[in-house]
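Could you walk me through this structure in my viewer, one selection at a time?

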Amino acid sequence: MKKSFIYILTLAFLLLLSSCGESRQTRIARTRAEYEKQMRENRAALKIGVLPTLDCLPLFIAQDDSLFKATGSDIRLKMRNSQLDNDTAFIGGSLEGMVTDIKRLEYIEKKGVGVKRVATTNAYWQLFGNPMARIFEVKQLGNKMVAMTRYSATDYLTDVALKGVKTQGMVFSVQFNDVKLRLKMLLNNEMDALWLTEPQATQARLFGANMLYDSRKAGFHLGAIAFRQKAWDDETRKKQITDFISAYNQAVDSINAHGISRYGKIIQKYCGCNDKTVKALPKLKYQHIQVK
C-alpha cells in the first residue's frame, strides 16, 4: 500500500514537472493554433443572424433540439439585439443569412449587396403608447417621440399608421435599434410610443401599455429570412442552406403540432422574458420555407 502511494505521488510529480517544463513559446503556439482552428471552422460554418424575437423561434428550436446538428452541416446562430448590427455583419459578409424584414432588405439591396429572400415570416409589429403619458390613439402622437428603426418595417409602419391622421404637432421618429432597450424605455417611462414585435409586445401589454396600431390590420407580412446571393450561388453553401431549410421546416412542424407553449424554456432562454409572458403569448402558426 505504501509503495503504491509513493508510486502515485512520484507520477504526479513527474507530470507536474512535464507541464511546468512547457515553454512560453510552446504555450503561445498552441493557443494560436487553437484560435486559428476555431476561426477556420467559423468561416466554414453557415452563420445566421437572429434577434431575440419570436419570428426566430424555429431557429432556436433547431439549435437546441439538435436539428441543425443532425443534418451534418455546421450551422451557427449569431444573436444580436438590433437589426442594424445584423445588417452590418450581413453586408460585410460575416453572416450568410439572417432573419429580418422586407424593408431592411430593400435598403441593403440599394447598397449593392445581392440578396436572396427565401421566406416570409409570421412577424408582426404593434405600436404602443406609454400608459403614463395617457396616449390611447395615434392622433395623440403630435409632439411625441416614437421609437423605431430607420429603413425598416417599423419606419414604414410609422408612416402607414399616421397616414391621414391629424395630429396637433409633428411626430418625431427616434431611432432605437436594440429591441430589448426599446422595451425598457417603455417600462422606465422614457419613450412616448414605440414599435414592438413578439414577445416584447406581450410584455408591453402585460405592463398596461395601450396598443395604438397593429400591422396585421393592414394585412402586411413584412418579416423575412434571407441569404446573401453570393452564399446562395456557392455550391458548398447551397448544401448548408438546404440543410438549414430542412431543419427549420422540422421545427415549424413541431411548433404547429404542439404549440409554442411547449417551448417556453427556449423562448425564455433566447428572448429574455419570464414565464408569465410565455403563458400570455398569442397562438402563432409558422410556415415552411419553400424555395422556388
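Predicted model: local features only at pLDDT ≥ 70, side-chain atom pairs only at ≥ 80, totals over all residues.

**Stop 1: the charged pairs**

Side chains of opposite charge can pair when their charged atoms come close. In this model, there are 10 salt bridges to look for.

Begin by selecting Asp87 and Arg104, whose closest N and O atoms sit 2.4 Å apart in a salt bridge. Colour the helices and you will find Asp87 in α5 (residues 83-92) and Arg104 in α6 (residues 102-110), so this pair ties together parts that are 17 residues apart in sequence. Is Asp87 buried or exposed? Its relative accessibility is 1%, so Asp87 counts as buried. Arg104 is buried too, with a relative accessible area of 3%.

Next, select Asp214 and Arg216. They form a salt bridge with 2.8 Å between the closest N and O atoms. Here the two ends fall into separate classes: Asp214 counts as buried at 12% relative accessibility, while Arg216 counts as partly exposed at 45%.

Now move to helix α13 (residues 275-280), which holds both Asp275 and Lys279, 4 residues apart, or about one turn of the helix. Their side chains meet in a salt bridge, with 3.1 Å from N to O. Asp275 is partly exposed, its relative accessible area being 37%, and Lys279 counts as exposed at 68% relative accessibility.

**Stop 2: the enclosed spaces**

Rolling a probe the size of a water molecule over the atoms shows where empty space is left. How many cavities of 30 Å³ or more does a search of the whole structure find? The search finds 2.

To find the largest cavity, select Leu51, Gln83, Trp125, Val179 and Thr197, which lie nearest its centre among the 16 residues of its lining. The volume of the largest cavity is about 180 Å³. Show the secondary structure here as well: β3 (97-101), α7 (153-162), α8 (179-187) and β8 (193-196) each give at least two residues to this lining. By class, the lining of the largest cavity has 6 nonpolar, 7 polar and 3 charged residues.

The second largest cavity has a volume of about 50 Å³. Select Leu54, Asp55, Asn122, Ala123, Tyr124, Thr197, Glu198 and Leu284 to display its lining. Those residues divide into 4 nonpolar, 2 polar and 2 charged.

**Stop 3**

The largest pocket holds about 220 Å³ of space. Select Thr121, Asn122, Ala123, His221 and Lys285, the closest to the centre of the largest pocket out of the 13 residues that line it. Colouring the lining of the largest pocket by class gives 6 nonpolar, 5 polar and 2 charged residues.

Finally, go to the second largest pocket, with about 170 Å³ of space. Which residues lie nearest its centre? They are Val118, Ala119, Thr120, Gln290 and Val291, out of a lining of 11 residues. The lining of the second largest pocket is made up of 4 nonpolar, 4 polar and 3 charged residues.

Definitions and conventions: Residues numbered from 1 in each chain as written. Heavy atoms only, no water. Salt bridge = Lys/Arg side-chain N within 4 Å of Asp/Glu carboxyl O. Buried < 20%, exposed > 50% of the residue type's maximum accessible area, 1.4 Å probe, protein only. 1 Å grid on protein atoms, 1.4 Å probe; cavity = no way out; pocket = protein on both sides within 12 Å on 5 of 7 lines; lining within 4 Å. Points joined across faces, edges and corners; volume = space filled by probe spheres on them. Nonpolar A, V, L, I, M, F, W, Y, C, P; charged D, E, K, R; others polar.
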